[in-house]
Amino acid sequence: MVRGRMVAVMCGALLLALALLLALTLSCSRAKNVVVLARPPVRFFPSGVPVVDLYLGQQDEAERLREGADVSVLVYYAPWCAHSITARPHIQQVALHMASEVQFVAVNCWWNQGKCRKQKNFFKYPVIQLFYGRFGPIEYRGPVVWEYLESFIRRASTPLTYLPTPSALSTFLSHHEQGVVGFFEFNSSPQPPGYITFLTSALHALRRDSQGAVRFGVVTNQKVAEGISVRQDESVYLHRRFNTSLVFPRAQKNFTAESLCNWIYENRESVIHWIQPMGAKSYSLEAELHKGPALLTFFPHNPLSANHRLLTEVVDLSLRYHSCCESDLGPRCCKSLLLRSGCANANAKANSSSSARVCELCENRSTPGSTSRSAVLGSRCSTEELEAVLHSYLKRGVPSSCGDLPNSYSPFSHYSACCRSLAPGDTMGGPLGPQWAEPAHCPPVADGVSGLRCRTNKTLRFYLLDSHLTWPLAQRLGAVSNQTFTAIVDMRHETHYVLKSTENHMLESFILNFSAPYSPLHRHLVGHRERHPPQSLIQEVTTESFLDTVMDPERDVLLFYYTGWCGFCSVLNHVLLRLARLFQGNSALTVARVNVGVNDLPWEFMVDHLPSFLFFPKHRKQMSVKFPDSTPVTLPNLLRFILQHTGHASHDNGAGPKSLLEVELRTLQGEVLSLQQARERLSQQLASLWRENRRLTFSARLLTSQNAELQSQNAELQAQSGRLETLYREKSRQLAEAIHRLQELASASEELLTENSLLKVLLAVLKEREKETEGETERAREDEDKKKGKEEAS
């Protein structure tokens, strides 16, 4: 029975599973039938615009068109992308301007049936690439604005600038961008091999930096090339203003486009840096600001038009700021002009006995980085130009000392003027006219910014920003409606300073004040306007109204610190609102809050974390108290905190808390009184401690005198120790001499012993020989005696 039931249950479950599977299959099959096919793409660019729109993603057609043109711009877009839609009118305008010079091709790289979607893997749109012949792609990474895009395309289509004359060369080198000059003689062949390499290196530089921070020029005339001390064919000259200019070392490095580009970027000088948004989140600005204090200059910049006045002034200041060598001023062409009026009262220190006053005008005739300046500029001084500049200078008023005259940015035309007294014996006259004369001495320009980078520890880095693109950042730093703004940002000290006026010489004074050891500049505080009316329960405090509200000596202030992104701050809003209602109508207490996310405060009033409550009691603002972090933020705790640190009751107009809260308030007042008594006791204890401290101070003085005596005794002991050490050294020396003598005696005694032993041997030999001689003598005597006996016997 049980087994049969189990089999039935299993069969039922199997049938139910099959039914569910069949239902899912039928529903999925019906879902496929109701899916709407994607609509075919349409043209993204209008038909009247000179842009080949391959809206079906024909990548092969795009490659064919690119190979048939000298310069091509390929735009890969997605029809739904907001950035592509925003960039479309800018690309159209550039195409209308440059259709006769450059071919524009747009490819829909989002259509799933096109080859572009299958071959390319782009993570953002639009992607703009430029091809110069077979070289490419050069991707454009700047802002998609038609002025910047057209400037990039024009620079890429003509990567080299032809410099036929010395004036063209000097103008090219005087630009604020880095200049690289190649010298190639086109006599032997149509295009020297080195010229192609130099052209390719210029394209490599554009690939590395699409904004073109380095410009490339070509010289084909030997006399023009001698102006930069280049005489050898196929030479590449890197112009530097402060350090020695360099020539590419072909003997040590391979002359290839990659090595040439790397050599340029390794040795170039960067004085002015452009910061431009890339259309996406970027940390480039933060990375630059962490390098040190930065001077940020915002102005409306158009890369296709003439330079802005502020750009000229900033570039001139930056060059003088980094010019640490006094010889950078170079030779000057100076003239003197007799002044009938206007300059007579310019110098208060002038001698009253002077019969006349002259104004000397000097023009810098130097060419930074070149060894042969006369070849580039010539030695003639234009009298008309000097007189015109001097006339315009005198209209503005001549200062008491020499001052720079920024005419237009160029190191070849830099003016200075100053007044001096004409000696009684001097005469005004010369080859240039009755009013002109060659001055006997033209004093150097008194410039406090020149070489300041080498004279201060707070070295500045100069940055330029287009206000059209980065104005929200300028507003965050404190800019107003004007499109020009200058500020110094110091990330290390978390401060920034704002230049109030952009008049002449104000920027120079701004830099000098920042570089001073004790800078007179004040930290700029950025704040928003008050969004809540003053009669609201909670007073909204801003940067401007902060000190007036918090430092009111007649009111206690409870200040709540919050930001818009702080979730815990939003949770506490209802507690703060209930507290404000409780003290509504109380003229002695202000409940306020400040959004520190959009309002800068002085450092002494900042908190370490959010949310935070600070209480500023009246008449005792210096005794501000912070609400304990370990205490829960509730209405009773806030009330207790306020009553502990205030000296008045909160029932001025009968609008305070009722019922149980009144009892709690009285209890808290009693606690406050007890705390005040405890404070009195603590004051007495502090007085006794102060007396004890004074006694200890006298004891410390006594110990100090004893210590001085011990130090004097120690000095005497050290002197005696020195004398003993000297005696010890003398005795050691004498002992060493005695030991040396004993060693000599020992060696002499050893020699004597050796000689004595030899003598003993000789003496023994002599004794033996003597014995033998005596024996022979005895034997001879015996023989003679025998002979005599025989003779006698015979």
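Here is a friendly walk through the cysteines and the charged side-chain pairs of this predicted model.

Residues are numbered from 1 along each chain as its sequence is written, and side-chain values use heavy atoms, with hydrogens and water left out. Because the model is predicted, local features need pLDDT of at least 70 and side-chain atom pairs count only at pLDDT 80 or more, while totals for chains, interfaces and linings use all residues.

Let us begin with the cysteines. A disulfide is a covalent bond between the sulfur atoms of two cysteines. Here the term is applied to a pair of cysteine sulfur atoms within 2.5 Å, and the structure holds one such disulfide. Its partners are Cys 109 and Cys 116, with an S to S distance of 2.1 Å. The torsion about their S-S bond is about -95 degrees, so this disulfide is left-handed.

Where do these cysteines sit, buried or exposed? Relative accessible area decides this: buried means under 20%, exposed over 50%, and partly exposed in between, using a 1.4 Å probe and protein chains only. Cys 109 has 1% relative accessibility and therefore counts as buried. Cys 116 is buried too, at 0%.

Now for the charged pairs. Side chains of opposite charge can pair when their charged atoms come close. A salt bridge is counted when a side-chain nitrogen of Lys or Arg lies within 4 Å of a carboxyl oxygen of Asp or Glu. Searching the whole structure gives 21 salt bridges.

One of them joins Glu 150 to Arg 154, at 2.9 Å from N to O. Both residues belong to helix α5 (residues 146-157), where they are four residues apart, about one turn of the helix. Helices here are DSSP runs of H or I with at least four residues, numbered from the N terminus. Glu 150 is buried at 4% relative accessibility, whereas Arg 154 is partly exposed at 31%. These two residues are also linked with Glu 101 in a network of salt bridges.

Because they are four residues apart in helix α20 (residues 660-793), about one helical turn separates them. Both are partly exposed, Glu 737 at 36% and Arg 733 at 40%. Finally, the side chains of Glu 288 and Lys 291 meet in a salt bridge of 3.2 Å, N to O.

Methods
Helix = DSSP H or I, 4+ residues; strand = E, 2+ residues; numbered from the N terminus.
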